[in-house]
Amino acid sequence: MRSNRSTRFTVAITAASAVAAIVLAGCSSDDGGMDMPGMSSSDAPASSSSEASAEASADFNDADVTFVEGMYPHHAQAVDMASLVDGRTENAQVIELAQAIEAAQAPEMEQMNALLAAWGQPAASADMGGMDMGGMDMGGMTGMMSQEDMDMLSAANGAEFDSMWLTMMIEHHKGAIEMAQIELADGSNPDAKELASTIVDAQQSEISTMESLLPQ
C-alpha cells in the first residue's frame with residue numbers, strides 16, 4: 001500500500017510541474033520578457049506624442065511673453081496705418097502693400113493672444129499707454145509712431161501721403177524685425193520663435209519693396 005501511494009504522489013507532482021511549465025512558456029515572450037494579457041511590448045501609450053507636443057507648447061520664458069505682449073500693439077498700429085491708405089492715395093502699389101500688411105498682421109494678432117492664453121497670461125492690448133515699455137528692453141527701437149506722427153499721416157493726401165506712409169512704415173517694420181530678432185535669440189517657445197521668424201522674413205521683404213517706391 002505504501003508503495004502505491006508513493007507512486008501516485010510522484011505522478012501527481014510530475015503532472016503539476018508539466019502544467020506549470022506550459023503556463024510559464026505561454027506567458028513568456030520570445031525575448032524572455034513577460035507579455036501582459038491584451039498588451040504587447042510595442043503597446044506604448046498613444047497619447048505620449050500629443051502630451052510631448054502640449055508640453056512643448058507650454059514651454060515659454062519671459063522673453064516669449066515680452067515679445068508677444070509688445071508685438072501685439074505694434075501690429076495693431078501697423079493695421080491702423082494700413083487702414084489710413086483708403087481714400088488718401090491712388091497709388092496702386094501702396095494700396096496693395098497696405099492690404100497685404102493688414103491681411104498678414106491681423107491674424108498674427110489673434111495668434112499672439114492664443115499663445116498668451118495657452119501660457120496662462122492676460123490678453124494683450126492694442127493700447128501701449130498702459131504698458132511698461134522700459135521693462136521690455138525695447139526702448140526706442142520699436143519703430144512705433146507717436147500720436148503726432150499718426151495725426152500728420154491722417155492729414156496728408158496724394159504723393160505727400162505716399163512718401164510719409166512709406167517712410168513711417170519702413171521704420172515701423174524695422175522696429176518689428178528688431179523685436180523679433182530678440183525673441184529668436186532669447187525666447188524658448190517654438191511657436192513664438194516661428195512667428196518671430198515669419199515676421200522677420202515677411203517684413204524685410206516688404207521693406208525692400210517700400211524702399212524701391214520712395215522717390216530717389
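In helix α7, the residues Ala192, Leu195, Ala196, Ile199, Val200, Gln203, Glu206, Ile207 and Met210 are buried, where buried means under 20% relative accessible area, exposed means over 50% and partly exposed lies in between, with a 1.4 Å probe and protein chains only. The cover over these buried residues of α7 includes α3, α4 and α6. The helix itself, residues 190–213, has 24 residues and reaches 35 Å from its first C-alpha to its last, close to the 34 Å expected at 1.5 Å a residue, the expected span being 1.5 Å times one less than the number of residues.

The model is a predicted one, in which local features need pLDDT of at least 70 and side-chain atom pairs count only at pLDDT 80 or more, while totals for chains, interfaces and linings use all residues. Residues are numbered from 1 along each chain as its sequence is written, and side-chain values use heavy atoms, with hydrogens and water left out.

The protein as a whole has seven helices and zero strands, so that its elements read α-α-α-α-α-α-α from the N terminus on; helices (H or I, at least four residues) and strands (E, at least two) are DSSP runs, numbered from the N terminus. Of the 216 residues in the protein, 32% are buried. The protein exposes about 12,500 Å², of which carbon and sulfur atoms supply 55%; accessible areas come from the Shrake-Rupley method with a 1.4 Å probe, and for residues only the protein chains shown count as cover. When contacts between residues at least 6 apart in sequence are considered, 80% of them join residues at least 24 apart, contact meaning heavy atoms within 4.5 Å.

Helix α4 can be followed next. Its 27 residues should span 39 Å at 1.5 Å a residue, and this agrees with its end C-alpha atoms, which are 40 Å apart. The buried residues of α4 are Val94, Leu97, Ala98, Ile101, Gln105, Glu108, Met109, Met112, Leu115 and Leu116, and these buried residues pack against α3, α6 and α7.

The pairing of α4 with α6 can be described in some detail. The axes of helix α4 (residues 92–118) and helix α6 (residues 158–186) come within 11 Å and cross at roughly 35°, where axes are lines fitted to C-alpha atoms, for helices over the stretch in contact, and angles run from 0 to 180 degrees between N-to-C directions. On the α4 side, Val94, Leu97, Ala98, Ile101 and Gln105 meet Asp162, Trp165, Leu166, Met169 and His173 of α6. By class, this contact has seven nonpolar, two polar and one charged residues, with Ala, Val, Leu, Ile, Met, Phe, Trp, Tyr, Cys and Pro counted as nonpolar, Asp, Glu, Lys and Arg as charged, and the others, Gly among them, as polar.

Histidine 173, which lies in helix α6, is buried, with a relative accessible area of 0%. Leaving aside neighbours within four places in sequence, histidine 173 is in contact with Ile101, Gln105, Gln203, Glu206, Ile207 and Met210. Glutamate 206, found in helix α7, is likewise described as buried, with a relative accessible area of 14%.

With neighbours within four places in sequence set aside, glutamate 183 is in contact with Ala63, Asp64, Phe67, Ser188, Asn189, Ala192, Lys193 and Ala196. Glutamate 183 and aspartate 62 are 121 residues apart in sequence and 10.0 Å apart in space, C-alpha to C-alpha.

Glutamate 69, placed in helix α3 (residues 62–83), counts as partly exposed at 26% relative accessibility, and the C-alpha atoms of glutamate 69 and leucine 116, 47 residues apart along the chain, are separated by 8.2 Å. Serine 154, in helix α5 (residues 147–155), counts as partly exposed at 29% relative accessibility; not counting residues up to four places away in sequence, serine 154 touches Leu84 and Arg88.
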